[in-house]
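Hello,

Here is the model with its ligand, for your set. My notes follow below it.

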Amino acid sequence: MTNDKHPVTMIGLGPMGQAMTHALLKAGHPVTVWNRTASRGDGVVAAGAARAESPEQALRAGDLVLLSLTDYQAMWDILGEHADALAGRTLVNLSSEGPAKTREAAAWAAAHGAAFIVGGVMVPESMIGTEAASAYYSGPSDVFERIEPTLSVIGTPRYLGEEISLAQLMYQAQLHVFLTGLSSLMQATALLSSAGMPATDALPHIIGILRATPELGGVEAIGEDIDAGIHPGETATATMMGATAEHIVQASEEAGLDLALPRAVLAHYRRVVDDGKGQDSWTRIIDGIRNPRFAAEAEDAAA
Ligand SMILES: NC(=O)c1ccc[n+]([C@@H]2O[C@H](COP(=O)([O-])OP(=O)(O)OC[C@H]3O[C@@H](n4cnc5c(N)ncnc54)[C@H](OP(=O)(O)O)[C@@H]3O)[C@@H](O)[C@H]2O)c1
């Protein structure tokens, strides 16, 4: 496969699939598209993409097939009946999915003679094709290397290894931090609004703590300690953080807010204190996260 203007098939034309198609067309790649709701392809067809009349026609248009769908079931819904056309092709699935189904999909593709690469796009559709865009990939390294120049049109490719689920897990790991952060932003905003502060005033203050967070010791140093199983409690002990977590639960309760998120956070710290490690760093909460034996009890205790 030479990647210079290599033909690409794009299946799935939600916001992300459309943005990737536009980027590929702009880079000079011939792109064939198929989407369940055909009208969602009108924009990319006007920009130069060829519209396939069926999923099979889309598959047969080229040997590199990108999928941008809600989940992997959508891939099976679309391609299940056309699996005979998979042989010799490379599927790059850029849709979100859990690790078990991801492995199942790789085995399904292999059984039909297709190579399978998993992708996790880390930017919103508006950033696709820009310098700031990146995507994680996992799967067979020889296959990835062959298609890397084409994938680089979407954003900087970051290859994580042969373990097929790695790109999914990296996507989910980062989105977990992001989604938890968004929920905590809203919880914090609600807390301040219970005392009359509007969100426009509250949010700039709240965001400030995120910028200060690396000062807890520096992300790299924290990572080294966690890998070494060391949790030095010189600056921010689990007991101190847990007491704060308790105050957040109390304040949220007094304000009549939902307690699920603050209680979950408090449960992490209670577990450390119950284990007699309260004077360790707050990073010690990772033990309870990794070994949730007593998580239910801790949650009950936090309630
Ligand atoms: N949008 C973002 O900012 C962003 C950022 C990073 C990663 N992602 C990931 O990229 C993927 C696509 O995102 P998106 O925003 O483009 O999603 P979307 O708007 O939900 O698009 C989903 C696509 O999947 C198709 N689809 C869903 N179920 C189907 C089924 N059973 N049969 C056939 N087609 C089906 C839809 O077809 P119809 O048009 O016919 O409904 C559409 O083409 C997702 O996995 C998402 O997690 C998105």
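Which of the 23 residues around the ligand come nearest? They are Asn35, Thr37, Arg40, Leu69 and Ser96, where a residue is near if one of its heavy atoms lies within 4 Å of the molecule.

This is a predicted model: local features need pLDDT of at least 70, side-chain atom pairs count only at pLDDT 80 or more, and totals for chains, interfaces and linings use all residues. Residues are numbered from 1 along each chain as its sequence is written, and side-chain values use heavy atoms, with hydrogens and water left out.

By class, the shell around the ligand holds 11 nonpolar, 8 polar and 4 charged residues; Asp, Glu, Lys and Arg count as charged, Ala, Val, Leu, Ile, Met, Phe, Trp, Tyr, Cys and Pro as nonpolar, and the others, Gly among them, as polar. Helix H1 (15-26) and helix H4 (72-79) each supply at least two residues of that shell, and H4 gives the most, with 3 residues. Helices are DSSP runs (H or I, at least four residues), numbered from the N terminus.

- A backbone N or O atom of Leu69 is 2.9 Å from a ligand oxygen atom.
- A polar side-chain atom of Asp77 is 3.0 Å from a ligand nitrogen atom.
- A polar backbone atom of Ser96 is 2.8 Å from a ligand oxygen atom.

Taken alone, the ligand exposes 900 Å², and the protein buries 77% of that (Shrake-Rupley method, 1.4 Å probe).

Regards

Definitions and conventions: Polar contact = N/O pair within 3.5 Å; in protein donor to acceptor, adjacent residues only side chain to side chain.
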